[in-house]
Number of protein chains: 2
Amino acid sequence: MKDNKKQKRILEVAEEEFLMKGFAGARTVEIAERAGVSHSMLHYYYKTKEQLFGHVMVEKLQRLKESVATVFMIEDMPVVEKVVELVVRHFEFLSENPDLPRFIINEMIVRPEYAEMMKREALPLLKDAVARLQRELDAAAKEGEVRTMEAATLLMDIVSVNLFSFIVAPILSSVKPDMDFQAYYHARCQENVQLILNRINPDIK
Amino acid sequence: MKDNKKQKRILEVAEEEFLMKGFAGARTVEIAERAGVSHSMLHYYYKTKEQLFGHVMVEKLQRLKESVATVFMIEDMPVVEKVVELVVRHFEFLSENPDLPRFIINEMIVRPEYAEMMKREALPLLKDAVARLQRELDAAAKEGEVRTMEAATLLMDIVSVNLFSFIVAPILSSVKPDMDFQAYYHARCQENVQLILNRINPDIK
DNA sequence: ATTTTGTTGAACAAAAATGTTAAACAATTT
DNA sequence: AAATTGTTTAACATTTTTGTTCAACAAAAT
């Protein structure tokens, strides 16, 4: 038929609702309502709330995977520049999916049944990425371009500073309601790049 | 009577349940059960789930305030050492309240009615802390002890790297089930201190 | 043109969760 | 000793939420 427009719409709204309110907080009737379809339609396409949630999860984990995959997509380039590129790309990914991390982390803790799924989906890729980065860092360290450090630690630093920039954004905006988000994000991304540069080589800049 | 032992127990369990599952996910019957009291007892002390949640919130915001207050409790001391001390104390606070931040951030987004309360409770103190730190940083910058930087940014960096160490801990432990948490936290705290030191003065160490 | 698929509405069933009540009794206070 | 407060049990009422069904109709596919 008409390309399952309504089914897609349900999924879209469900994503928003689940991300905002979590599994327990979201309401199927509200999802249907906001999606502009009848209550029965929702159950026509998705038997249960659980199933609908499953679809959202799969979709989201897909994006998380893509996020990790950006590490590989960076072609041959000096490791320092590569790290900067990594920070920026990760930051951009978060700009487009600002509340994905909060959602994932929460549902992993609140609903351990999904932790397994996430491990299967995202971990192998991540491990590979860490191993590659480690090799490059070690090589650069031999040349004295960067200090010796663990790739896993570096990645954690990158993710943590970037993530936090987004997690606190709603709090900051409630403090300063007239806050300029664009300017904030721009400044924050640069701050984060700086911080990570300092981290891999205290002598840079 | 016997010092409201049961009432306290209910609150304790409610805290755990709300922190783990959020307001929407927690169940009053389960709280009563786990607290070892009857269902009616719970409603005897706390009319509604909402009210019980309110008590938990107040308690938690109190701790958050105390966390912020540590900034003031640090006596006269060179600003660099003070910052190190700050990182360590904040890290220790998180060790004792590992899922408080996730809970607070979540409920702020999911239940905006509590955001107001949090602002009233924690923000004035925080603003004061930032202003004080800024003055000290500026003074130290004049002496060339640290680079010029915004106190708010520094605090954000501290909170973000510390927070993240805790947020990822459950994920890491699911990857390596035999992981040594004690060792992890110890290493992580030192890494974070290093990172922040680099941040305020790239020439240190 | 007919069959299948999508869609609604409205009512309804079932389940889950919250909140209430009353009787009985125990412990504590006054 | 009497009154108050804490506590349980167990039933029940209420509300909220999820999930079902069915009749009717629209749109698309065959």
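1. Contact here means heavy atoms within 4.5 Å. Keep in mind that this is a predicted model. On that criterion, helix 4 of chain A meets helix 7 of chain A through Gly54(A), Met57(A), Val58(A), Leu61(A), Leu64(A), Lys65(A), Val68(A), Val71(A) and Phe72(A) on one side, and on the other through residues including Met117(A), Glu121(A), Leu125(A), Asp128(A) and Arg132(A). Sorted by class, that contact has 13 nonpolar, one polar and four charged residues.

2. Now the geometry of that pair. The axes of helix 4 (residues 49-73) and helix 7 (residues 115-142) of chain A come within 10 Å and cross at roughly 5°. Angles under 35 degrees count as roughly parallel, so helix 4 and helix 7 of chain A are roughly parallel to each other.

3. On to the two chains. A 180° rotation, with 0.0 Å of shift along its axis, superposes chain B on chain A at an RMSD of 0.1 Å. That's the relation of a two-fold axis. Both copies use the same surface, too: 100% of the contact residues of chain B recur in chain A.

4. Then the rings: 22 aromatic pairs over all chains. Phe18(B) and Phe53(B) pair edge-to-face, 4.9 Å centre to centre with 85° between the planes. Phe18(B) sits in helix 1 and Phe53(B) in helix 4 of chain B, so this pair ties together parts 35 residues apart in sequence.

5. Phe53(B) also pairs edge-to-face with Tyr114(B), at 5.1 Å and 75°. Tyr114(B) is in helix 7 of chain B, 61 residues from Phe53(B). Phe53(B) is buried at 0% relative accessible area, and Tyr114(B) counts as buried at 9%.

6. In chain A, ring pairs link Phe18(A), Phe23(A), Phe53(A), Phe103(A) and Tyr114(A) into a cluster.

Definitions and conventions
Residues are numbered from 1 along each chain as its sequence is written. Chains are lettered from A and ligands numbered from 1 in the order in which they are written. This is a predicted model: local features need pLDDT of at least 70, side-chain atom pairs count only at pLDDT 80 or more; totals for chains, interfaces and linings use all residues. Side-chain values use heavy atoms; hydrogens and water are left out. Axes are lines fitted to C-alpha atoms, for helices over the stretch in contact, and angles run from 0 to 180 degrees between N-to-C directions. Helices (H or I, at least four residues) and strands (E, at least two) are DSSP runs, numbered from the N terminus. Angles under 35 degrees count as roughly parallel, over 145 as roughly antiparallel, 65 to 115 as roughly perpendicular and the rest as oblique. Ala, Val, Leu, Ile, Met, Phe, Trp, Tyr, Cys and Pro count as nonpolar, Asp, Glu, Lys and Arg as charged, and the others, Gly among them, as polar. Copies are superposed by least squares on the C-alpha atoms of residues with pLDDT of at least 70 in both. Rings of Phe, Tyr and Trp (its six-membered ring) pair if their centres lie within 6.5 Å; planes under 30 degrees apart count as stacked, over 60 as edge-to-face and the rest as tilted. Buried means under 20% relative accessible area, exposed over 50%, partly exposed in between (1.4 Å probe, protein chains only).
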